[in-house]
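Me: Hi! Could you walk me through this structure?
Reply: Happy to. Have a look at it here, and then ask away.

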Amino acid sequence: AIIAALNEAEKALTITEFQTAYPEFAEYSNQKLSALFKQLVDAGAVEKTVVKKKSYFSVAISDEQSED
């Protein structure tokens, strides 16, 4: 469900932005979502980008999908 929602997003989102954009995840704490996002990042399903100490998450693009 998290990956599907991130697929809909047009840009990388912070966890707070993600909760605001997708109210179905608002019931989960920021810490719980952070743990879930970390598992997805470790599994290679989600990409994490840090800008000015803020973490942004987006769907990881596999080599087959990227255009060189």
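Me: Let's begin with the strands. What does it take for two strands to pair?
Reply: Two strands pair if DSSP finds at least two bridges between them. Keep in mind that this is a predicted model. Here β1 (residues 46-51) and β2 (residues 54-59) pair in the antiparallel sense, over six bridges.

Me: OK, switching to charges. How many salt bridges does a search of the whole structure find?
Reply: One. The side chains of Lys38 and Asp42 meet in it, at 2.9 Å from N to O.

Me: Why are Lys38 and Asp42 separated by about one helical turn?
Reply: Because they are four residues apart in helix α3, which covers residues 30-42. In general, side chains of opposite charge can pair when their charged atoms come close.

Me: Are Asp42 and Lys38 buried or exposed?
Reply: Both Asp42 and Lys38 are exposed.

Me: While we're on α3, how far does the helix reach?
Reply: α3 has 13 residues and reaches 18 Å from its first C-alpha to its last, close to the 18 Å expected at 1.5 Å a residue. Just after α3 comes Gly44, with a positive phi of about 85°.

Me: Now the inside. Which residues of the largest nonpolar core touch the most other members?
Reply: That core has 13 residues, and the ones touching the most other members are Ile2, Leu6, Phe18, Tyr22, Phe25, Leu33 and Phe37. At least two residues come from each of α1 (2-8), α2 (15-21) and α3. The largest share, three residues, comes from α1. As a general point, nonpolar side chains tend to be buried together in soluble globular proteins.

Me: Pick one of those, say Leu33. What does Leu33 touch?
Reply: Leaving out residues up to four places away in sequence, Leu33 touches Ile2, Ile15, Gln19, Phe25 and Tyr28.

Me: Which residues do the ring pairs link into a cluster?
Reply: The cluster is made of Phe18, Tyr22, Phe25, Tyr28, Phe37 and Phe57.

Me: Are Phe18 and Phe25 buried or exposed?
Reply: Both Phe18 and Phe25 are buried. For Phe25 the relative accessibility is 8%, and buried means under 20%. Tyr28, at 36% relative accessibility, counts as partly exposed.

Me: Last topic, the loops. Where does Thr14 lie?
Reply: Thr14 lies in the loop between α1 and α2. Its relative accessibility is 7%, so Thr14 counts as buried. Not counting residues up to four places away in sequence, Thr14 touches Lys54, Ser55 and Tyr56.

Me: And what about the loop between α2 and α3?
Reply: Ala26 lies in that one. Ala26 counts as partly exposed, at 46% relative accessibility. From C-alpha to C-alpha, Ala26 and Thr16 are 8.8 Å apart in space, and they are 10 residues apart in sequence.

Key. Residues numbered from 1 in each chain as written. Predicted model: local features only at pLDDT ≥ 70, side-chain atom pairs only at ≥ 80, totals over all residues. Heavy atoms only, no water. Salt bridge = Lys/Arg side-chain N within 4 Å of Asp/Glu carboxyl O. Buried < 20%, exposed > 50% of the residue type's maximum accessible area, 1.4 Å probe, protein only. Core = buried A, V, L, I, M, F, W, Y, C linked by side-chain atoms within 4.5 Å. Contact = heavy atoms within 4.5 Å. Phe/Tyr/Trp six-rings, centres within 6.5 Å; stacked < 30°, edge-to-face > 60°. Expected span 1.5 Å × (residues − 1).
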